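Subject: Structure for your files

Hello,

Here is the structure you asked about. Please open it first; the notes on what was found follow below.

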Amino acid sequence: KNRSKGWPRRAALFIVFVLIGLWHGANWTFVVFGGLNGFFIIFSEVTKSLRDRFMRFISARNESTTANSIAIKFHKCWQIVFTLSLFSFAAIFFRADSISDALVVIGNIFQSDNSHLTLFIRSKQDIYELAIMGLAILSMEVIQWQHSRSSALRAVERKPLWFRWAVYYSLIFSILMLGQFDSVPFIYFQF
């Protein structure tokens, strides 16, 4: 375990992430992707004590244990959403062909006319697929919640035989309906 602390360790961490980005491909977009992820981790590390003090301050202000519990749950949820947002932002550079393409995408995200939404939903089929994605995400969240309380596999095993087979057939049907069986080259084959 690396016991060194401070900026030398953080600089090494940043270099490792830049090299991880470079490992993905010989393009500046991958270097930026790695560098952003390294920066996010270092920034998180540097601001951890400040964020911890803020949470202690919020907890001390709330005399109710229910309010503290809600604040802690909201904070955990915020951390998940914020982390996903940061990674998704960095992934723009990962998928872009060039830095300028990535900057165009970022610029379009922050446009106020929402014209990019009309490009995303062009037909009823797109709305149907969006609804399927939403249901799939909701299903995964319910399964994750169930699994946090007890094993989801154990919960299904305790159900009647007809229910288990309905779950199995639903999973097979989902794979057949939503799976992509075309010949799509693996992303790393483009290099």
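**Side chains that reach the backbone**

The side chain of H24 comes to 2.9 Å from the backbone oxygen of I20. H24 has its place in helix α1, which covers residues 7-24. At a relative accessible area of 13%, H24 is buried, because buried means under 20%. Please keep in mind that this is a predicted model.

A polar atom of the T29 side chain lies 3.5 Å from the backbone oxygen of F93. T29 is in helix α2 and is buried, with a relative accessible area of 0%. Leaving out residues up to four places away in sequence, T29 touches F93, F94, A96, D97, S98 and I99.

S139 sits in helix α6, residues 124-149. A polar atom of its side chain is 2.8 Å from the backbone oxygen of L135. S139 counts as partly exposed, at 39% relative accessibility.

**The chain as a whole**

The protein chain has eight helices and zero strands, and along the sequence the pattern reads α-α-α-α-α-α-α-α. It has 191 residues, of which 16% count as buried. The accessible surface of the chain comes to about 15,600 Å², and 69% of that belongs to carbon and sulfur atoms. Taking the contacts between residues at least 6 apart in sequence, 49% join residues at least 24 apart.

In soluble globular proteins, nonpolar side chains tend to be buried together. Here, the largest nonpolar core has eleven residues: F30, F33, L36, F40, A90, I92, F93, F94, A96, A102 and I106. The elements that give two or more residues to this core are α2 (28-61), α3 (65-95) and α4 (99-109).

I92 is one of the core residues. Setting aside neighbours within four places in sequence, I92 is in contact with A102, V105, I106 and I109.

**Aromatic rings**

Ten aromatic pairs turn up in a search of the whole structure. One of them is F33 with F87: the ring centres are 5.9 Å apart and the planes stand at 75°, so the pair is edge-to-face. Because F33 lies in helix α2 and F87 in helix α3, this pair ties together parts that are 54 residues apart in sequence.

Which of these two residues is buried, and which is partly exposed? F33 is buried, with a relative accessible area of 10%. F87 is partly exposed, at 42%. Ring pairs also link F30, F33, F87 and F94 into a cluster.

**Charges over rings**

Which residue lies over the face of W7? That is R10, at 4.8 Å from the ring centre. In a second case, K159 lies over the face of F163, at 5.9 Å from the ring centre.

Regards

Key: Residues numbered from 1 in each chain as written. Predicted model: local features only at pLDDT ≥ 70, side-chain atom pairs only at ≥ 80, totals over all residues. Heavy atoms only, no water. Core = buried A, V, L, I, M, F, W, Y, C linked by side-chain atoms within 4.5 Å. Buried < 20%, exposed > 50% of the residue type's maximum accessible area, 1.4 Å probe, protein only. Helix = DSSP H or I, 4+ residues; strand = E, 2+ residues; numbered from the N terminus. Contact = heavy atoms within 4.5 Å. Phe/Tyr/Trp six-rings, centres within 6.5 Å; stacked < 30°, edge-to-face > 60°. Lys NZ or Arg CZ within 6 Å of the ring centre and 35° of its normal. Areas by Shrake-Rupley, 256 points an atom, 1.4 Å probe, with all protein chains shown as cover. Polar contact = N/O pair within 3.5 Å; in protein donor to acceptor, adjacent residues only side chain to side chain.
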